Amino acid sequence: MAQPRVPLRRLCIFRPHSPARCRRPLHPQLQTRWLPPSSLHLMRSASSAAGEHGSHSQKLTGQQLRDEWSKYSQFPKVSKADDFREGKQVTVHGFLSRRRVKHSKLVFADVQVDNGPAIQITSHFEHVDSPEHLIAKALRAIPLHSPVSMTGTVVKLHGLPTEIHADGSATESRLSTPAGFPAAVSRVDINLESIQPLNAFPKDIIVSEGVQFPPSSRHLQIRFSEALRSRLIARPQIGLQMRKTLNELGFTEVETPILFKSTPEGAREFLVPTRRPNLAYALPQSPQQYKQILMASGVRKYYQFARCFRDEDLRADRQPEFTQLDLEMSFATGEDVMQAVESLVSTLPASLNTQFSMIRRGDNVYPVPNQGLKATDEGNAELRWPSLPSPFLRLTYQDAMSRFGVDKPDLRIPFEIRRVDQVLPAQFVSMITDLESPVVDAFRFRPNLSVEGDLGAAAAKFVDELMKNLPAPLTRNSDGAPVALVVDSKKPLSGLSSLGFEGSANLTSGDPGLEDFRDLEDGDILFFQARENKPFQGGSTTLGTVRTLVYHEAVSKGLLPRDFDFKFLWVTDFPMFTPDSGADPGQGGQAGFSATHHPFTAPLTDEDVELLATDPLKARADHYDLVVNGVELGGGSRRIHLAKMQEYVMREVLKMTDEGVGQFSHLLEALRAGCPPHSGFALGFDRLVAVFTHTDSVRDVIAFPKSMKGEDLTVKSPGRITKEQLATYHLAFASKK
């Protein structure tokens with residue numbers, strides 16, 4: 001009996017452009033059913049025909065891919081700096097921007113290059129369908145912001161200086177720059193001869209003046225924000241200058257591992273599981289222990305630009321991963337380290353001034369490479385990086401807290417905190433706090449009020465707005481909320497009636513410590529805040545926070561001038577230990593306090609060594625912080641280099657367990673092997689770059705920063721993990737309670 005013929009469409013359905021693949025398999029019956037020779041022959045013929053068709057289609061697809069790739073990937077090499085001479089042909093690579101059609105036969109456009117001069121190209125033609133006409137059509141057809149390779153003849157170099165020789169002759173300066181353009185050229189005019197798009201900018205991305213792209217489009221933020229792009233250009237130049245200085249000072253750059261182990265240094269760590277059961281790495285909080293081991297290894301002066309990781313709550317100047325310039329010196333004291341750091345930082349202003357100019361765009365101030373400075377910006381680049389005084393000012397922790405209310409004071413703020421409870425009436429003190437026998441601090445703020453007439457009313461308006469927007473921790477402070485009094489001669493006792501006659505007279509007497517309150521004027525504002533009468537702890541007082549807020553609010557409202565100076569100082573003599581607050585895990589000991597800096601910090605004096613055994617909370621550390629304009633740039637200390645004392649601090653002072661001490665066995669062993677005295681420092685490189693480029697956020701100097709939730713919104717990290725991935729590392733999701 002003859003077998004029925006099998007329809008070819010039952011055998012296979014081909015995908016478009018992929019004829020060799022089946023969209024659905026053979027009918028199940030055909031997979032097991034015996035077929036006669038005639039049917040097999042028919043199937044082989046169909047398969048052969050399909051294969052030939054598929055091969056032809058694949059060749060066409062391959063040809064199309066090759067043509068498309070060649071169109072956008074084959075382009076001439078960029079010209080060198082020496083090629084940029086008037087009348088010479090050059091090739092430039094960049095992004096097409098600002099196309100200007102003057103009339104049907106004349107087109108101007110700009111090509112944006114990185115760290116180079118402005119490039120203006122001109123396309124002009126006389127006759128339709130001429131080669132010049134085709135070039136003009138090509139220029140007008142390319143979408144703006146597309147990457148291009150363009151070739152043309154240099155018409156004019158703007159801003160090119162001449163060098164005058166001893167014999168009176170002059171030659172053009174031809175110093176090249178990293179960007180491949182001659183130095184001191186602000187603009188290059190080129191007659192276009194050919195232009196080739198290297199990709200096409202899509203129409204659905206709208207670019208306009210002042211456009212704000214979301215964090216998920218960080219590539220567009222960088223590309224279309226001159227401020228952000230310029231800061232990223234300045235960052236490596238700052239690092240390069242610091243490397244140069246460190247090499248001149250005899251430091252050796254040494255890389256330390258990223259995969260470390262978990263140790264209780266003080267901050268929360270990121271763990272990296274392994275495929276070995278119960279074992280995990282930890283990302284380093286800092287290279288602290290490795291660099292101390294290097295001191296025991298005979299490395300005299302170490303540095304590296306280290307990547308560090310801390311699982312902390314985030315804010316504007318903090319990231320979960322950051323760059324730290326790490327230093328350590330053996331046979332050295334803290335004084336030696338501070339001098340080295342001052343030398344390091346002091347070279348930066350002169351280096352930046354030779355490479356960059358600071359320009360002002362509204363309230364935004366940022367550096368631009370001198371090579372890319374536009375003619376319209378030349379009158380705007382009046383700001384320069386000021387030279388730094390040497391040596392830097394030094395304040396003890398106690399002085400900083402009592403005078404400024406913070407351990408990282410901003411010396412640009414033109415008013416200080418004074419203790420005034422000794423001259424205030426008890427009735428006023430009881431009005432501002434419920435504390436028994438408190439300390440009351442105060443400061444006077446004199447705004448630059450430009451109004452005519454009632455200065456007191458203008459100052460009162462500023463105070464009302466400020467107080468309404470105070471953060472909740474300040475207004476709900478258990479010590480009492482801050483209080484402000486406005487000096488106004490139209491009111492009883494010039495607005496100080498709540499102090500009473502005697503209190504007002506005492507405060508304005510000008511006695512030692514009260515000089516700031518002697519010559520009060522209309523519009524002056526006095527801020528008062530009570531606190532417990534006990535030694536300072538932590539990083540700030542309530543009034544210290546208010547002082548900083550008042551300054552920044554006054555600057556933003558034009559009541560104080562914006563100060564672009566850098567006020568560097570060292571803060572020293574910190575408490576060696578700080579009572580536990582629960583904010584950080586500390587060292588995990590049972591003492592009720594943790595190391596203020598880290599457990600490897602040495603005591604300041606012999607008396608502080610004795611206090612380790614009798615009253616540790618009174619011991620001071622040989623610890624020093626570098627501060628500028630209210631920003632802590634870094635900190636360092638002299639280290640405990642004796643294994644016996646280091647173990648004593650861990651076991652007897654911090655009350656760490658045997659297991660906790662055992663996590664530092666590698667360090668103790670290195671110290672035991674005759675480790676020399678050593679001191680070090682860690683400088684927050686991201687913060688340093690932010691300060692020197694005039695931004696309050698380190699996100700502005702990091703190419704791909706994390707959000708306040710620790711997320712990289714560009715690549716959507718961290719990503720979710722699966723049970724299978726966890727199983728590889730012998731982990732599992734916690735059960736829901």
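Which strands does helix 8 lie across, and at about what angle does it run to strand 27?

Reply: Quick ground rules: this is a predicted model, so local features need pLDDT of at least 70 and side-chain atom pairs count only at pLDDT 80 or more, while totals for chains, interfaces and linings use all residues. Residues are numbered from 1 along each chain as its sequence is written, and side-chain values use heavy atoms, with hydrogens and water left out.

Now your helix. Helix 8 (residues 334-346) lies across strand 14, strand 17, strand 22 (568-572), strand 25 (623-628) and strand 27 (678-684). Its angle to strand 27 is about 35°, taken between N-to-C directions on a scale of 0 to 180 degrees, with axes fitted to C-alpha atoms (for helices, over the stretch in contact). Helices (H or I, at least four residues) and strands (E, at least two) are DSSP runs counted from the N terminus; the protein has 21 helices and 27 strands.

What about the sheet? Picture 8 strands forming an open sheet with mixed pairing, in the order 10-13-14-27-26-25-22-17. Strands pair through backbone hydrogen bonds, either parallel or antiparallel; here, two strands count as paired if DSSP finds at least two bridges between them. Zoom in on strand 13 (residues 301-309) and strand 14 (residues 321-330): they pair in the antiparallel sense over 9 bridges. For instance, Arg 307 has Thr 323 in strand 14 as its bridge partner.

Next, the packing. The largest nonpolar core has 46 residues, and Met 242, Phe 568, Leu 626 and Phe 692 have the most contacts inside it. Such a core is a set of buried Ala, Val, Leu, Ile, Met, Phe, Trp, Tyr and Cys residues joined through side-chain atoms within 4.5 Å, and buried means under 20% relative accessible area (1.4 Å probe, protein chains only). Leaving aside neighbours within four places in sequence, Phe 568 is in contact (heavy atoms within 4.5 Å) with residues including Val 345, Leu 388, Phe 392, Leu 626 and Phe 692. A second, separate core of 25 residues includes Ala 643, Phe 664, Leu 667 and Leu 671.

Zooming out, 44% of the protein's 737 residues count as buried. Among contacts between residues at least 6 apart in sequence, 68% join residues at least 24 apart.

Notes: Buried means under 20% relative accessible area, exposed over 50%, partly exposed in between (1.4 Å probe, protein chains only).
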